[in-house]
Amino acid sequence: MDDLGTPVLDNHLHLDPDHGRGIEAVKDFARSGGTHLLVVNKPSWLLGVEPETGEEFRPVFETTVDVVARASEVLPGRAWPVLGVHPGLVSKLVDDRGFSPEEASDLMRAGLDVAAEYVESGEAVALKTGRPHYDTTDAVWEASNEVLRHGLALGAENDCAVQLHTEASEDLTEVAEWAEERGLDPRKVVKHYAAGRLAGPTPSVMSEKDRLERAAERGDPFLMETDFVDDPDRPGAVMGPKTVPRRVRWMQESGYDDAIRTAHVETPEAVYGLDTEATLDR
């Protein structure tokens, strides 16, 4: 097992123990030098769940909580769940199931309420929400922003971070302002799939070298991720589980030691309250 001499956290990936590689992907991550994971539940429809109520999201969350417990057993550090409702669900509900945008928003907010129960009980460390990254009607866009703002309010209520899936942007100051209005520190709002620059929330930077160079040279807080989707039908989709450890080694070779500490020790502590050093068995 490779030891990079530092905690190595992938801030956003998915594990599917029933249809994907599941724990085998975690073992690949650990063998490459990875130590900690934040595991985000897969979109409900990819797990065969078509909810009618908020409570019906629970099997999606339980699947993630269960696989995270198993992942922690094989990691030199540990894993934590991030639970929520994928913003793309709004289109599934409106376009495929005949919901109005307002009805879709109501259901998605109810799903977030259930996810927040897991944070309140200590079973999850953060929530996941957002808005579509593709063009929608004005009504769907506004309904999605209502869901996003509800997620931020739940983050404030539960004093937890909120991961966002949004459109590609280097300026989300409006969302940061929404967080502040609801009592949530904007630093605890995390844009998943970020580039190397971002105004407003904390960027979770996709682990491509050019993006990481930009983030490292800026010197601002950031996290690293792969968005590994664990889908056997899309084996090359996004990035594999070995990517973050390999990029950390490349960053070490490139002299980015301060940025490594920022992404894998300091920012996880500031955003999630997670101590990646104390939770690391050596």
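Which side chain meets that of Glu117 in a salt bridge?

**Entry 1: the model**

I began with the terms of the record. I noted that the model is predicted, that local features need pLDDT of at least 70, that side-chain atom pairs count only at pLDDT 80 or more, and that totals for chains, interfaces and linings use all residues. I also noted that residues are numbered from 1 along each chain as its sequence is written, and that side-chain values use heavy atoms, with hydrogens and water left out.

**Entry 2: salt bridges**

Side chains of opposite charge can pair when their charged atoms come close. I took a salt bridge to be a side-chain nitrogen of Lys or Arg within 4 Å of a carboxyl oxygen of Asp or Glu. By this rule I count 21 salt bridges.

I looked up Glu117 and found its partner to be Arg58, at 2.9 Å from N to O. This pair links distant parts of the chain, since Glu117 lies in helix H4 (residues 101–120) and Arg58 in helix H2 (residues 58–74), 59 residues apart. Helices (H or I, at least four residues) and strands (E, at least two) are DSSP runs, numbered from the N terminus.

For accessibility I used these classes: buried is under 20% relative accessible area, exposed is over 50%, and partly exposed is in between (1.4 Å probe, protein chains only). Glu117 is partly exposed because its relative accessibility is 38%.

I next examined Glu181 and Arg182, whose side chains form a salt bridge at 3.4 Å, N to O. Glu181 has 61% relative accessibility and therefore counts as exposed. Arg182, with a relative accessible area of 30%, is partly exposed.

A further salt bridge joins Glu208 and Arg211, at 2.9 Å from N to O. Glu208 is partly exposed at 28% relative accessibility, whereas Arg211 counts as buried at 18%. I also recorded a network of salt bridges that links Arg21, Asp28 and Arg31.

**Entry 3: aromatic rings**

A pair of aromatic rings is described by the distance of the centres and the angle of the planes. I counted rings of Phe, Tyr and Trp (its six-membered ring) as paired if their centres lie within 6.5 Å; planes under 30 degrees apart are stacked, over 60 edge-to-face, and the rest tilted. How many aromatic pairs does the whole structure hold? My search of it finds 3.

One of them is the stacked pair of Phe57 and Phe61, with 6.4 Å centre to centre and 15 degrees between the planes. Phe57 is buried at 1% relative accessibility, and Phe61 is buried at 0%. The ring of Phe61 also pairs with that of Tyr118; the centres are 5.8 Å apart and the planes at 75 degrees, so this pair is edge-to-face. It links distant parts of the chain, with Phe61 in helix H2 and Tyr118 in helix H4, 57 residues apart. Tyr118 is buried, at 2% relative accessible area. I noted that Phe57, Phe61 and Tyr118 form one aromatic cluster.

**Entry 4: helix H1**

In helix H1 (residues 23–31), I found Ile23, Ala25, Val26, Asp28, Phe29 and Ala30 buried. Their cover includes strand E1 (9–13), strand E2 (36–40), H2 and helix H8 (243–253), where contact means heavy atoms within 4.5 Å. Gly33 follows H1 and has a positive phi, near 115 degrees.
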